[in-house]
Amino acid sequence: MQKSIINKLLILFVTVQCFTGYSQVLRKRATLLMGGRFDISIVDKDSLSAEQNIDIVIAEITRIENLISDWKADSQISAVNQNAGIQPIKVDREVFELAQRAVKLSEITNGGFDVSFAAMDRIWKFDGSMMEMPSAEAIKKSVEKVGYKNIILDSTESTIFLKLKGMKIGFGALGEGYATDKCRAMMIEKGIKAGIINGSGDMSTWGKQPNGKDWKIGITNPFKPEKILAVVPLKEGAVTTSGSYEKFVVFNGKRYSHIINPATGYPAIGLCSVTVFGPNAETANGLSTSMMVLGLKEGLLLLQKFPEYSCVIITDKGKVVKSKNFSYKL
């Protein structure tokens, strides 16, 4: 569930380039932020203005990274982790509210998603070096510091307290989506009519391409990469994919993915990828990650609690399953 144990499936991003005669231009830039690649596309009145707004987006993502990144020693979340079992730490309201939503999702999934997964021991190796499964005892020990129920949030004081020494929280499964949503809202408030903010596969979109057509997102099947399962038009929405098809091990004929269930310490099994569509990339990201852990049946039941979101699931055997509210032909 951290960036190192979540591999986002490639989402094919299909755009139509701007042509002479259209009143707006599309400018794109790729950069490394929050430990991954961000692709920023802005439709604006001219190239200079578009590039300036891309700079503003990058500055905002950097600001968010400096607040919530548990791998930055001077971030507010690192301060929370460093004071686990010692004292509550006061954080900015946006950091507190992000933590609130993360704990809420942890509760809804009954620990299938857990914002305290950052404390998990990395005993599973997916680099070809692991020749046998870890022992049951080692697996149990690896998650003994994980547990969202030991996170104490004080809304009045805006503090976060981790009850157990060694506990950690991290937003690796939500942070990029949160950042893309924040940047989209900022650009809309500035009057920018259209764009896409894509953080390592967590994508927030708004408006239309310069030629007046909707943005189009193509979903690829990792078992048949030459084929697109569906091309989905997006106006103002979000899409995110969590997948396990590149990193896994096989023991006794069973495939174990690199996405670990934080409640048990065992790798998720059964699903190869989950793509979630909806209004908000942060929520879509949390749902796609949770559904990978929960599996097909429980994952679809979880999604029913979020009627604005739909999904496409690919199982380990290559079967394609869509939620009932996914309206596009596969």
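Me: How many disulfides does this predicted model have?

Reply: A disulfide is called when two cysteine sulfur atoms lie within 2.5 Å of each other. By this rule, the predicted model has 0 disulfides. Cys 272 is in no disulfide, and the nearest cysteine sulfur, in Cys 311, is 14 Å away.

Me: Are Cys 272 and Cys 311 buried or exposed?

Reply: A residue counts as buried when its relative accessible area is under 20%. Cys 272 has 0% relative accessibility, so Cys 272 is buried. Cys 311 is also at 0% and therefore counts as buried.

Me: Which strands pair with β3, and in what sense?

Reply: Strand pairing is read from bridges, with at least two needed. Strand β2, residues 25-33, pairs with β3 in the antiparallel sense over 9 bridges. One of the bridge pairs joins Val 25 to Asp 44 in β3. Strand β7, residues 194-199, also runs antiparallel to β3 and is joined to β3 by 6 bridges. There, Ile 42 stands opposite Gly 195 of β7.

Me: What lies between β2 and β3?

Reply: The two strands form a hairpin with 2 residues between them. In this hairpin, Met 34 takes a positive phi near 50 degrees.

Notes: Residues are numbered from 1 along each chain as its sequence is written. This is a predicted model: local features need pLDDT of at least 70, side-chain atom pairs count only at pLDDT 80 or more; totals for chains, interfaces and linings use all residues. Side-chain values use heavy atoms; hydrogens and water are left out. Buried means under 20% relative accessible area, exposed over 50%, partly exposed in between (1.4 Å probe, protein chains only). Helices (H or I, at least four residues) and strands (E, at least two) are DSSP runs, numbered from the N terminus.
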